[in-house]
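This report looks at how one protein chain is divided into parts and how those parts meet. Please view the sequence and the structure before reading on.

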Amino acid sequence: MSEIQKLQSYIDQSSRIVFFGGAGVSTESGIPDFRSVDGLYNQKYKYPPETIISHSFFIDKPQDFYDFYRDRVVYLDAKPNAAHYKLAELENAGKLSAIVTQNIDGLHQAAGSRTVYELHGSIWRNYCVNCGKSYEITDITGISGVPKCECGGIIRPDVVLYEEALDQRVLIQAEKHLREADLLIVGGTSLIVYPAAGLISLSTAPLILINKSATSQDRRASLLIQDNIGEVMGQIAVH
Ligand code: ZN
């Protein structure tokens, strides 16, 4: 049996699938992982991405934060890929109960998924740190300076920056679905970024790992597929 046939068999036998995804799910939609270091980035920015996308940096140097954020984090033209669409199809067929994602790009919702827990927030929600008023993403991307509310406060994205805590309501719901899952598919993540590895361990279901490179949980996997998540999921049939 091929790896795809094995994956198909697991999916056919399951009705409470949880998908846990990371940056690799979106790279096939043209969104690079902003943590990945390349030459261009090294020349252009004076700080490592983990420093720029942190709470204290946002407070101290909001202009530098937003320069990087607009350039390396937000990709408004990105479209869902085969993985996003297949997962939405599985939810519609009553086979998948939730998606838990580390991504902030909203591509699962764009593909039609409804039950999505965004551990690190979303670029599509933005608010004033002073009065709480909501703002559109274009209020941030449409200008070059630091976006300000009409009250004078700084507008920030509803994304979890380094040094900040995860949203407990999101975390509790994600944990509930992971505990109740009858199949856990993990894709596009090396399971290193907090709290991924810990969350995965809540599930007692068979674990399918789909990632281009090795992850911290490879030994636990019932099935390990080292390939692009979009290519793999695109071959799955939904009955
Ligand atoms: Zn305000």
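## A salt bridge at R125

The model described here is a predicted one. In it, the side chains of D158 and R125 form a salt bridge, with N and O 3.0 Å apart. R125 also forms a salt bridge with E118, and here the closest N and O atoms are 3.1 Å apart. Side chains of opposite charge can pair when their charged atoms come close.

The structure as a whole holds six salt bridges.

## Two domains

The chain is divided into two domains, and each is made of separate stretches of the sequence. Domain 1 takes in residues 1-31, 79-120 and 166-239. Domain 2 takes in residues 32-74 and 124-159.

How far apart are the centres of domain 1 and domain 2? Taken over C-alpha atoms, the separation is 27 Å. Ten residues from domain 1 and eight residues from domain 2 take part in the contact.

## Where the domains meet

The size of an interface is often given as the accessible area lost when the parts come together. For domain 1 and domain 2, the buried area is about 680 Å². Carbon and sulfur atoms give 58% of this area.

How many salt bridges are counted between domain 1 and domain 2? The count is one. The side chains of E118 and R125 meet in a salt bridge, at 3.1 Å from N to O. Two residue pairs are in polar contact across the interface of domain 1 and domain 2. On the side of domain 1 that touches domain 2, four residues are nonpolar, four are polar and two are charged.

## Cysteines

A disulfide is a covalent bond between the sulfur atoms of two cysteines. How many disulfides does the structure hold? The number is zero.

C128 has a relative accessible area of 1%, so it is buried. C151 has a relative accessible area of 36% and is therefore partly exposed.

Methods: Residues are numbered from 1 along each chain as its sequence is written. This is a predicted model: local features need pLDDT of at least 70, side-chain atom pairs count only at pLDDT 80 or more; totals for chains, interfaces and linings use all residues. Side-chain values use heavy atoms; hydrogens and water are left out. A disulfide is a pair of cysteine sulfur atoms within 2.5 Å. Buried means under 20% relative accessible area, exposed over 50%, partly exposed in between (1.4 Å probe, protein chains only). Domain bounds come from an automatic or database domain assignment. Contact means heavy atoms within 4.5 Å. Buried area is the accessible area (1.4 Å probe) that two parts lose on being put together, summed over both. A salt bridge is a side-chain nitrogen of Lys or Arg within 4 Å of a carboxyl oxygen of Asp or Glu. A polar contact is a pair of N or O atoms within 3.5 Å; within protein, one must be able to donate a hydrogen and the other to accept it, and residues adjacent in sequence count only if both atoms are side-chain atoms. Ala, Val, Leu, Ile, Met, Phe, Trp, Tyr, Cys and Pro count as nonpolar, Asp, Glu, Lys and Arg as charged, and the others, Gly among them, as polar.
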